[in-house]
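Please read each point with the model open beside the text.

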Amino acid sequence: MDVGLDAAQRAWVDEVRAFLRDNVTPALEAELAEHGLERIGGEVTAFRRAVGDKGWFGVSWPTEFGGLGLDAMHQHLLMREFEYRGVPGPDLTVTSVAPMIMRHGTDQNRREFLPPIARGELTCAVGYSEPDAGTDLASLRTRAVRDGDDWVINGSKIWNSGAQRSTHEWLCVRTDPEARRHRGISVIIVPLDQPGIDIRPLTAWSGYRTNEVFFRDVRVPVGNLIGEENRGWTYITGALDLERGALTNAGDLRRALDEMQRLVHRPRRDGSVPADNPAFVRRIAQAEADVDVATLMGLEAASLLDTGVIPTVEVSVEKVFTSELRQRIADLAIDLLGPDGLLAHRTPGAPADGVFERLYRAAPLMRFGGGTNEVLRDVIAQRGHGMPSYGR
């Protein structure tokens with residue numbers, strides 16, 4: 001559904017689709033199916049290089065920062081098409097970290113970090129949660145202490161997704177232990193090849209790898225501090241708002257429904273055809289309507305970004321809605337496919353190569369990635385409807 005797109009935006013979608021037709025090869029799809037984003041130097045790396053050569057990692061950045069100077073809607077539409085094809089596009093480094101550097105970073109921050117991000121060479125894992133500071137991020141304990149021209153960092157982060165394949169960490173640290181909670185927090189970009197960093201894998205039920213990362217006397221230059229010391233809470237919350245918008249693109253949901261529409265006419269083991277069952281037809285129709293709603297939510301958020309507003313409430317609503325919709329679609333697919341829907345991903349004979357079984361296991365992650373839905377409902381109530389905080 002391309003409701004509300006003007007001629008220039010439709011032409012942009014056509015350009016992106018043409019690029020994907022030319023660059024999404026069987027070899028790339030095979031590597032993604034087998035290794036995800038984990039293989040360095042293979043087809044995924046070559047694809048990212050091609051995206052970087054087009055300037056599309058900085059598609060919505062101002063030209064003075066090395067971008068193409070297009071708007072947030074262009075970025076949103078690009079990401080939607082990439083997600084539909086199941087290939088890696090602009091990640092959180094581009095969509096969340098870089099905008100905070102542009103808004104709040106020093107001149108040195110911008111010169112040092114933005115050009116390699118635009119080329120796809122610098123990628124960040126996001127270091128927020130800790131064993132005792134997850135939902136209540138303001139209670140974090142990872143410390144950074146100034147020592148001459150360096151920051152010395154000690155502490156740990158958990159659920160640190162992508163650290164094993166990233167070049168840097170967008171690290172949330174406490175720089176003033178005497179300050180109250182949200183104050184005294186800073187953000188420092190830390191190269192992950194520095195001595196004293198230990199990355200340990202944590203594997204989720206879906207097979208998805210996240211990490212626990214330890215920092216022991218890690219030294220980084222003082223210039224790696226983003227913006228102002230002790231002002232990091234502003235940067236973190238802004239990046240999280242943008243992250244939620246990036247996490248909730250509906251492209252993969254549309255792809256899942258299109259695949260389900262093909263499978264609904266496939267006889268199950270007992271000979272029944274789901275398309276002949278009115279209950280399944282109703283559920284698919286409801287899912288279609290819900291994906292259209294999610295698509296409109298994404299367009300609304302992108303439009304607001306183009307006015308210079310970070311749409312905190314809107315992306316929170318969108319994230320809650322789409323993450324729970326993703327679970328409903330996974331449940332529907334498993335019911336529709338019957339026993340064969342339980343065949344593991346890439347098992348011989350699994351319908352659609354088991355992608356819905358993988359979706360079923362992966363869907364719960366999206367309900368807490370980028371902020372739990374329970375917390376986001378608080379955000380919606382308090383910031384969107386003026387309800388009081390209960391003091392958490």
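1. A charge is taken to sit over a ring if NZ of Lys or CZ of Arg is within 6 Å of the ring centre and within 35 degrees of the ring normal. In these terms, the charged end of Arg328 sits over the ring of Phe321, at 6.0 Å from the ring centre.

2. On provenance, this is a predicted model, in which local features need pLDDT of at least 70 and side-chain atom pairs count only at pLDDT 80 or more, while totals for chains, interfaces and linings use all residues. Residues are numbered from 1 along each chain as its sequence is written, and side-chain values use heavy atoms, with hydrogens and water left out.

3. How many aromatic pairs does a search of the whole structure find? The search finds five, where rings of Phe, Tyr and Trp (its six-membered ring) pair if their centres lie within 6.5 Å, and planes under 30 degrees apart count as stacked, over 60 as edge-to-face and the rest as tilted. One of them joins Phe19 and Trp56 in an edge-to-face arrangement, with 4.9 Å centre to centre and 65° between the planes. Because Phe19 lies in helix H1 (residues 7-23) and Trp56 in the loop between helix H3 (43-53) and helix H4 (72-85), this pair ties together parts that are 37 residues apart in sequence; helices (H or I, at least four residues) and strands (E, at least two) are DSSP runs, numbered from the N terminus.

4. Phe19 is buried at a relative accessible area of 9%, and Trp56 is buried at 1%, where buried means under 20% relative accessible area, exposed over 50% and partly exposed in between (1.4 Å probe, protein chains only). Phe19 also pairs with Phe82, here in a stacked geometry with 6.4 Å centre to centre and 15° between the planes. Since Phe82 lies in helix H4 and Phe19 in helix H1, the pair ties together parts that are 63 residues apart in sequence. Ring pairs link Trp12, Phe19, Phe47, Trp56 and Phe82 into a cluster.

5. Leaving aside neighbours within four places in sequence, Ile101 is in contact (heavy atoms within 4.5 Å) with residues including Phe113, Trp170 and Ile226.

6. E1 runs parallel to strand E4 (residues 168-174), to which four bridges join it, strands being paired if DSSP finds at least two bridges between them. Opposite Cys124 stands His168 in E4.

7. Two backbone angles deserve a look. Arg346, in the loop between helix H10 (312-337) and helix H11 (355-368), has a positive phi near 70° although it is a residue other than glycine, and Arg346 is partly exposed at 39% relative accessible area. Ala352 lies in the loop between H10 and H11 and has a positive phi of about 50°; Ala352 is partly exposed at 25%.
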